[in-house]
Amino acid sequence: MARVFGANMFRLRKSRLFRWAVVLTALATAGSVLLGCLAINGETSEYALENRALSGAPFVMIASAATVILFLGTDNSERTVRNKIIIGGRRGGIYAANMLTGIVIGCSITAAWLVGGLAGVPILGWWKMSVSEAAVYIASSMASAVAVSAAAAPVGMLIQSRSGAVVVGLTAAFALLFCASGVYTRLGGQKEIMTADNIDGELQFTLTENPNYVGGIKRAAYELALSANPLGSSIALSNCDLKDPAAGLAGAGFMTVFISSLGAAVFRRKDLR
Amino acid sequence: MTKLLNANFARLWKTKSFWVCLILAFGVGLANFLTSYSVQPECAERLGANMLSNSSNIMFFASIFAALFLGTDHSDGTIRNKLIVGHKRHNIYLSNLITTAAGGLLIMAVSWTVVLITGLCLGGKIGMPAGELALKMLICIGAIIAISAVFTLLGTLLSSKSTIVAITLVSTFVLLIGAAVIESLLDQPEYVQSYEMTVNGEVVQTDPQPNPMYIGGVKREILKTVNDVLPSGQLMQMEMGLGRHAELMPLYSLGVLAAFTVVGASVFRKKDLK
């Protein structure tokens, strides 16, 4: 596995796709942060850099997934997987090496995104959240990147056609993103809401139960679904609203292990033509 | 060019991705309508609006089809074969554009037809004047043709099939999300209601306050124009039942079509086809 991983890293260093993905992510983030800063009306000290910098989290995860699928898909399309097996590489080792390579790609693109977000420092200053909070957000971003890369790796390795793998991977990523966004919105409602009634010309405010509030077992199920979704945390990150980072980290870790085990099991039996 | 078009259309009917996208457009259109009907049966009284409500899905399926269809030309080396037998580069480009647009329009037609027929079977009505429906359908047709010009540029100028697919899908996603974000920014009211508590503890309504999220002036006009020009913006407006400058949108689509076709064909003429 070490030799396959070393070969992958060698190919990654020379990969134009990877370099472009990292550079474009950093530039796009910097551009969007600067445009956001220019659009500010009034006092800039009221705004936090992290709100602008983290807003692109879902798109960065999708870009990571696309890059991982394109990079690992080359093994299938160029038939180098068979060469690796012929020279004695075990399928499990090849899968693990490719998955680790995918994780390196995902983390590199995420790091480029975080660095690109610093373009707003001269205008808005450094992140306003505490160091420990910032560390939690950065760790959650990396965990999300690892989960997304682990989910993208089997798509690139199991689908023979590279373009087909891209279609399936990106369509699945968009679908997961929309699901995560929908669940996040449903969970965002308050338990009680303030309603105003005009009684004899006077406004009377009363606290009433929000009919749209999701509670009980349904809420627990939605929260589990959001944690299990590789793109789930990216929605909370983009809103700077990580309510339960531990659950997010645990969910990302579980999905990484689960999807990798499943992918490796299928890859071991796959007919490599 | 007739021979190129015949060849492209013959390939189109045999392309798996085209039929998959057609079936998906059919399925998603039907599912969306039936879901709306189950929640709100009166939506069958507005079949015209329901037909147009799948526009963003249509654009997504059209992008998948266009990317896979055009990418095959490069990956299988058939572009060089077309040049070898004597076809001119601009004819190849235009035939690709026409085929891509035709595929997108067929996908849209299937989506519209399934909603219309299902709605009519459930006793529904169009729910809008014929002239208004005709104009909105023309806008959607123009937008699909314009976005096909964008897909054709990407599909003809990029050499790797998988890169074409990745860039086309991501561009589609960015265009659709961008259009939705612009509409949500333009949707902000200029003033918001505010309340204050008097000394006696009573809450009274005060004069409406300016909304800090409201975008006005030149910025607003720019955003409106951008969303009117972008094919995704036009489709999003049709989906949401808007249409600020509906009469101008087909002209904008024509402009986008002309611009991307001229640029794409010019660059393709000089491209080194390895």
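Visitor: To start with, how many helices and strands are there in chain A? Then zoom in on the largest nonpolar core, please.

Guide: Chain A has twelve helices and two strands, counted as DSSP runs (H or I of at least four residues for helices, E of at least two for strands, numbered from the N terminus). This is a predicted model, where local features need pLDDT of at least 70 and side-chain atom pairs 80 or more, while totals for chains, interfaces and linings use all residues. Residues are numbered from 1 along each chain as its sequence is written, with chains lettered from A and ligands numbered from 1 in written order.

Along the sequence, chain A runs α-α-α-α-α-α-α-α-α-β-β-α-α-α. Of its 273 residues, 40% are buried (20 or more other C-beta atoms, placed from the backbone, within 10 Å of a residue's own; 12 or fewer is exposed, in between partly exposed).

Now the core: buried Ala, Val, Leu, Ile, Met, Phe, Trp, Tyr and Cys joined through C-beta atoms within 7 Å. The largest one has 133 residues, and I69(A) and F65(B) touch the most other members. Helix 4 of chain A (residues 57–77) gives the largest share, 13 residues. Beyond four places in sequence, I69(A) is in contact (backbone-placed C-beta atoms within 7 Å) with residues including A152(A), V155(A) and G169(A).

Over in chain B, helix 4 (residues 55–75) has 18 of its 21 residues buried.

Terms used: Contact = placed C-beta atoms within 7 Å.
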